[in-house]
Every structure is written in C-alpha cells, then in structure tokens.
Amino acid sequence: MRYILRFLGILFTAGAILFAAVAVVAGVVIWHYSRDLPDYTQLSAYEPPVTTRMHAGDGSLLAEYSRERRLYLPVQSMPPMLINAFLSAEDKNFYRHPGVDVEGIARASVYFFRREKGRRPQGASTITQQVAKNFLLTNEQSFDRKIKEMLVALRIEEAFTKDRILELYLNEIYLGLSNYGVAAASLNYFGKAVNELELHEAAYLAALPKAPSDLHPFRNRERAVERRNYVLDRMAIDEHISRDAAEEAKKQPLGVNVRSLSPNTIAAGFFAEEVRRELAERYGEKQLYEGGLSVRTTLDPQMQQMARRALVDGLVRYDEAQGWRGPVQKLDLAAREWGVALAEVPLLADVQPWRLAVVLDVQGENARIGMQPRREQGEISRDRATGVVTADGIRWTRRQMRQVLAPGDVVHVEPLADRPGQFRLRQIPEVSGALVAMDPHTGRVLAMVGGFSFDQSKFNRATQAQRQPGSSFKPFVYAAALDNGYTPATIVMDSPIEIAQVGGEAWKPDNYDGKSTGPRTLRYGIEHSKNLMTVRLSQDVGMPLITDYARRFGIYDDMPPFLSMSLGAGETTVLKMTAGYSMLVNGGKRIRPTLIDRIQDRWGRTVFRHDGRGCETCDAERWSGQEEPVIADRREQVLDPLSAYQITSVLEGVVVRGTGGSIKEVGKPLAGKTGTTNDAKDVWFVGFSPDLAVGVYMGFDRPRSLGSSATAGQYAAPIFRDFMKQALADKPATPFRVPPGIKLVKINRDDGTRAQGAEGIVEAFKPGTGPNERGGRGDAPMVFAPDFDRAVGSGTGGLY
C-alpha cells in the first residue's frame, strides 16, 4: 500500500509539474502572440463598405454603385430561419461557446487523422473566429495566424454581444457573384428581401461561405444543390426545422435568377451617369462606392422612355433620309458557324428592340437573316433563330435588295410587330442630339436623353455639348425688351441693316429667307424668327442689358456684348436652355435645374435636399383650428411676371402661326421657339406647356451642315411634338396662366392697332400700355430706319 501511495504521489507531482509546464508554455505563447494583436475595439465603430443605391422619382431602383456589393442589415431585421441556416452550416454552438469551440476543434482533429488522402481538412473556426479573420487579420494559412485568430475571438466575445458578432458576420461574409452579406445576396440571387426568402433559398445562401466559387449556381449546379441539401439536413438535425420540411425543400430547384440591374432598362444611362458624376464631385469616389448613400432622383421612368423614343425616332428619321451607308461589318460564312461568329460582334444593349443579324442569303426581293444568339449566364445559346427582310423592310433605302444586302453582311434589324418573322433594316444614325424634360416650377429634370445610345457614347449632349442655340435664344432678347418698356405690339423695322465693325468690313445680317417685310410688331419678329428685327431691337435695347438677362436666365455665364450674340451665336447646353425657358413660363422665377431630389446617408439621415423651402408650422401635432401651413416661396424674381406672360403668349404664337406650326398637332396649349444656326449645323426646339418644359437639339458631334435646306421646324420641332403627344396624352388642355394686371386686347396682327370686329389676335398688355393708335405710334415705341440701310438707335434706349 505504501508503494502505491508513493507511486500515486510521484504521478501527482509529475502531473502538477507537467500542468505547470503546459501553463507556462501556454502563458508564454499567449504573451508572445498578444503583443501585436489588432485592436478589436475598432469593430464597435466599424462601417463596412455599403452599396450606394440610386432610385427614380417613383422609388424604383435605377442603379447601384459599389466596390463590394453590400446592403447593411441589422440582425434584428433578419428572419430566424435565415439565421438558423447559417448557424447549422457554420457554427451550431455559436450561442454556447466563448468564441472558440473546443468540441469543434476535437471533431476536426479526429477527422484530420481519419480523412482520406487528398481530402481537405475539416474546419473548426467559429463565427467569431471568422469575424476576427475577416475584419482584423489576413487569410494567410499558418499556425501563427490561427493562434491570433483564436485569441482575438476570445477578446471579441468579451467586448460584444452574440447578436452584434452575428450581425457583423452576416453583413461581411462573401457569398459569391460579387455579393457581400445576406441582404445583397438575397436580392441579387433571388430578387427578394431576406424576409421573403423560402427555406431552400435561405439554405443555399448559408451553403455559400464554404466555397462560393465552387458552389456557382450555374457552372456547378449539382455541387451547389448537394451543399444546400447538406445545410437542410443539418437544420433538421439541429431541430430548427422538421425532417419533412427539409425533405420538401430538397425537392426544390435552386431557383437562382441573377438580377441584372442597368439604367438601360428604362433607357436612362445618360441620366444615371450624370447623377453619378455629381455624387462623385460632391462626396468623392470613396463615399460614392462605399458610403451606402440612398439617392432619390427626379427621373420619371415613363417619361424617360417617351423621351428616348421621340429622340431616337427623330434621329433615325433624319438619318434614313440621307440613305443607306452599308453593313456594320462582314462575316465569312464559310469560315465558321455563323452563330458563334455573330455572337462575337459587340451589341449595343440599349437599342432594343433592334437586334444584330447576319445576312445568310438573298433570293429576289427577300433576304434571309440569322439573328445574333442570346447569351445566358455568359454562355452562347445554341438556339439559332432566323427571319426575313422583305422589300418593305428596305423601302427607305430607295434601292433594290441586292444593292443593299449581301450574304455575310452584319446589320441591325427591328422586328415588325404585325408580321412575325419579318424585320425592317436599320442603321445606327451618324447624327446625334439630346432631349431634356423639366418641371418648370421646381427645376426637377424628369427625363434626359444625351444621345442615340449610351453604350455607343457616354458623352452627354444634354449637359456636356456646348452648341449654338441660334434663334432659340431670341426670346430672351425680346423678354429683356418687354421688361424695359416695349410691348408685343411695338413696331420694329424688318429691313436690311449694316453694322460697322472695328478693323473690318460691315456686318450685314439677313433673314433666313433673304426677304424683309417692313415695319412689323415684336410678336411677328418672334413668330417668324426675323433676324433683322432682332438685331435692330438688340441695338436699341442695348447689348449690355441683354447680356445681363442672359446671365439671369443662366444661358451664358459670360456673354460678350456683341450684336451677333442676340442671334444665338454663343454656345450653351440643352439643360441650360430648358431651364431658361422654364423661367419664362413659371412667371419669371429663378429655378436651379436638378437631377436629385434628396440624398440620405447609410443611417437614413438626409444630407441633401433640393427643395429648400421652409415651413414653420408644418410640424404641428394636430389641427386646432389654426390656419393651414404656408410654404414660403423664396425664389428670386428674374423677370417681371407680366413680362413673362407676354413672352409666353408670343411664343404660343410661334406654334399657332409661326415656325413651330407642326407642334399644333399635339392639340394642347404649347409655346416654344425654333433655332437654326448658320449652315444648319445645329437645330433646336425649346418650348413648354404650362407645367412641362422641354428642350431638343440635333446636330453632328463634329459640327457640319445638316443640309442646305435643313431647319429646326423640319427636324427638331417634330421630336418635341412626338414627345409632347405622349407626355401630355392623359393631361387636360390647360391654358397658360394669366397673372393679375394683364389686359387682353384684340389687335390687328400686322400693325398692332386695336382690331375692329371679329378679326385680329388677342394681345397681352401691362397696365398703362395698350394697342397702337391708328395713324400714330400711341403707347408703343417704334424702331425703324428711314433709309433702310443704316442702323438706328443709340443702344441706350433712344427710340424713333
């Protein structure tokens, strides 16, 4: 017995020594690795990179910008089913262990020694350890990193709650296809919010952290299903779901339908890119791509599609009138299978329903074509669709079929809706243009199209192209005159004029038609776009004053006071011109054009709001008989409201009687002005209804003539017309609002005198003014040149 006790004593002593030695070694190891551990407390202030989301005015998602596609979601907003799926797949003891799972380590160790050669070791990292690795350490496969990971995990567990650790993990974890976190993955794999996921979908997401690339839903579908089913089995074993529920879920397909989000869905590529540039300029690239901004834009999706359709139709109409230019490229049909070869030809994604096709053969007046195969998850479809281009489909070329198409030609075609299997030949226009639609009372840009195709060219002709507005600038000249003593009935001479120039020959402007009509009213000068009348009026009003008005309306930042500028010889953008016209129809109030309504940060705080109006009594908790809230209008008055209505009325006459006559077809009260520059290098139409302002421009990117007989009324006005037909289709015919103080008097349109009987037009006069007196000038000043060949007016307001 004595020997047994002695032996036990020796064993106890040895054990104590061994324990102490292990403790010392462990202490040394912990001390060694604890010296340079990362600061885990930074997790308390951690803000992961989050996707910036851009929404249209109706709330629909327009675009997303990110380096890591992530939407941060509090753990309290995640459904228990999803959380349980990840716990069963990754760390079933998460809510029981202190950060390191001893049971899991033991299980992994046994597997390590029993595993077959070539199989990967089983992991034993807890969710807390994965948080430590993903946030604070590297992915280095080493013993040192593993020890640091465990030590950091233990410290994290002491500092944070289990729910906070789980929240960090579920928002940080990479889940394949550029998705980080469960919220982004749910949306992009299944098009659902996390609380809409079904059991089999949640299980697939929980399967992905293991090896997201190896569990690709299309390339490795069988493996993905196998791993998903494993997660479902684990959930049943852990009693999160019943066995029957697991078996039923395992029968379901993966159901992945990767979301493809593009502004091109609503033809808004130019609009979205303009907003993206503004965000980058305002907040910087890092905040744009990582800051999780929520941007509500002003875009009206339906109006945007109307705008693109109207502009594209106008560009194509002009381009086809110039004739057929030939195929996109040529394929050798004998060299390889036509579908594969055609699939490699780049396609503009935003020109649908146009498609690329290759001509397979030509028989008589029919050409058989093969359609470009569609791509499905990056793979070329094996389906080969064919169709026919008939003589009707090439009628616009004014040629015979064999003069237009030959086997191997790659061309654009558009399906004929009323004739299945038949297509119309198309070609990408060389000419370009832009269209902007704006709320004239707020400056909110409702639609913007900056060219034929954003995929073809990112250059936004609505905001970046500096072009001459031509006669579309004239309303601002006449508005300045009306605001300074003139009336729409003022007589101005439409006759030849010479302007002496320092160090050169005299400038001799002329009307577009080369004719002059003698003394005419201001209204006539705008309605028929008379250059000679505009130059005479500008010289009399004074170019410094007109320059000031151009600056007030935001047309030019720094306009030189040259008389030629009164005819639109300067350069500006479609957006600026549309905003300027908006101030004419809104009663002369300054507006700031904007594509953004408001911006919120990742926490929902509003950091920008376009509408800066205040309302001191809007926050009342209840109504107690007080007056209704009044929202103060602090917009600057840039033009007298009466003058604004007068020029609006005159521009309405452009549509009714003048150069914008094709607009009458819309059948609603509209006003506007054409603009055609020298040699017809640019054509414009800018106009408005009482509540919608629209600017249209057409021209070549490298300026050249649109044709010797091209005019804005022929090419730009029809685009405006087609858009307004759609945009105002369900709107009542609202007349332009007449401000208090305006007198409406019927006058003779030729001389501005009061009309007798039913003849004449209704003219707008301010208090103290009225029609011209018969046989005299009455209230209206007159500007004329007795000898018809010299300029008159001192430029300081002197009148003859």
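Which helices do the buried residues of α19 pack against? Please keep in mind, as we look for them, that this is a predicted model. The partners are α16, which covers residues 474-482, and α18, which covers residues 531-541. As for the residues that make up this buried set, helix α19 runs over residues 543-552, and within this helix Met543, Ile546, Thr547, Tyr549 and Ala550 are buried. When one looks down the axis of α19, these buried residues fall within an arc of 165°, so they line one face of the helix. After α19 comes Gly554, and the phi of this glycine is positive, near 75°.

Let me now move to the surface, where Val738, Leu744 and Val762 form a nonpolar patch whose accessible area, taken together, is about 250 Å². Val738 sits in the loop between helix α22, residues 712-727, and strand β25, residues 743-747.

Finally, the protein as a whole. There are 22 helices and 27 strands in the protein, and 52% of its 800 residues count as buried. If we take the contacts between residues at least 6 apart in sequence, 69% of them join residues at least 24 apart. The accessible surface of the protein comes to about 38000 Å², and carbon and sulfur atoms account for 51% of that surface.

How values were computed:
Residues are numbered from 1 along each chain as its sequence is written. This is a predicted model: local features need pLDDT of at least 70, side-chain atom pairs count only at pLDDT 80 or more; totals for chains, interfaces and linings use all residues. Side-chain values use heavy atoms; hydrogens and water are left out. Patches are made of residues with over 30% relative accessible area and no salt bridge: like charges are joined within 9 Å, nonpolar side chains (Val, Leu, Ile, Met, Phe, Trp, Tyr) within 5 Å. Accessible areas come from the Shrake-Rupley method with a 1.4 Å probe; for residues, only the protein chains shown count as cover. A salt bridge is a side-chain nitrogen of Lys or Arg within 4 Å of a carboxyl oxygen of Asp or Glu. Helices (H or I, at least four residues) and strands (E, at least two) are DSSP runs, numbered from the N terminus. Buried means under 20% relative accessible area, exposed over 50%, partly exposed in between (1.4 Å probe, protein chains only). The arc is that of the directions from the helix axis to the C-beta atoms. Contact means heavy atoms within 4.5 Å.
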